[in-house]
Amino acid sequence: MSLEVAVAAPFKTRAQGRLGQGEFVVALSLEREWFSPDQAKRLVDVAVGRGLLASEDGNLVPQFDPTEVTVPEGFTPDESVLREQSTFESALDAIVAAGVEKQQAVAAINERQRALAVTIEAAAVLYAREQGATVDRLAVDVREELAAEASDDAVDADEPTDDPEVA
């Protein structure tokens, strides 16, 4: 995965297990010339969102072993790594990584969504767990999204209405 390679490169170059965000941005933008400084900051956000980096005491800490990642000679990451994946896309990637064919996974997710009347993200996380894929972070995101929707629905239900049939 090119995102993982891009994230690993500064840690491998400096042979350190944690870097300041500024140091990380400089490594990607000025030293490697892969991204502009703003794009490198965006990469940090995407990597944190995907669970590849964590922010601890003002430092970035990889959540994988960068020494296990190979940075191919002449490698340049594609700008698509700056795009955040949806919860559904992340769950689908985890399911495929667990050995399920993508088409089969999508069909099964769609079936769960219809049968359970849940969001596509919730169905994807449920199916991923059934397949043994690690989606704990995604499950938390889905729970928060569902709780926010339920809260919004409860607020809407409490609002007065002018409709005499509802009142």
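Here is a short chat about the aromatic pairs and the sheet in this structure.

Visitor: Before we start, what kind of model is this?

Guide: Residues are numbered from 1 along each chain as its sequence is written, and side-chain values use heavy atoms, with hydrogens and water left out. Local features need pLDDT of at least 70, side-chain atom pairs count only at pLDDT 80 or more, and totals for chains, interfaces and linings use all residues, since what you have here is a predicted model.

Visitor: How many aromatic pairs does a search of the whole structure find?

Guide: Rings of Phe, Tyr and Trp (its six-membered ring) pair if their centres lie within 6.5 Å; planes under 30 degrees apart count as stacked, over 60 as edge-to-face and the rest as tilted. Searching the whole structure that way, the count is 2.

Visitor: How are the rings of Phe11 and Phe24 arranged?

Guide: Their centres sit 5.8 Å apart. The planes meet at 45 degrees, so this pair is tilted.

Visitor: Which helices do Phe11 and Phe24 lie in?

Guide: Helices here are DSSP runs (H or I, at least four residues), as are strands (E, at least two), numbered from the N terminus. The pair ties together parts that are 13 residues apart in sequence, because Phe11 lies in H1 (residues 2–14) and Phe24 in H2 (residues 21–31). So the names you want are H1 and H2.

Visitor: And how are the rings of Trp34 and Phe75 arranged?

Guide: Trp34 is in the loop between H2 and H3 (37–49), and Phe75 is in the loop between S3 (59–62) and H4 (87–97), so the pair ties together parts 41 residues apart in sequence. The ring centres are 5.4 Å apart. With the planes at 85 degrees, the pair is edge-to-face.

Visitor: Is Phe75 buried or exposed?

Guide: Buried means under 20% relative accessible area, exposed over 50%, and partly exposed in between (1.4 Å probe, protein chains only). Phe75 has 18% relative accessibility, so Phe75 counts as buried.

Visitor: What is the order of the strands in the open sheet?

Guide: Two strands pair if DSSP finds at least two bridges between them. S2 and S3 are joined by 4 bridges, while S1 and S3 pair over 2. The edge strands, each pairing on one side only, are S1 (19–20) and S2 (53–56). That open, antiparallel sheet of 3 strands reads S1-S3-S2.

Visitor: Which residue in the turn of the S2 and S3 hairpin has a positive phi?

Guide: The hairpin has 2 residues between its strands.
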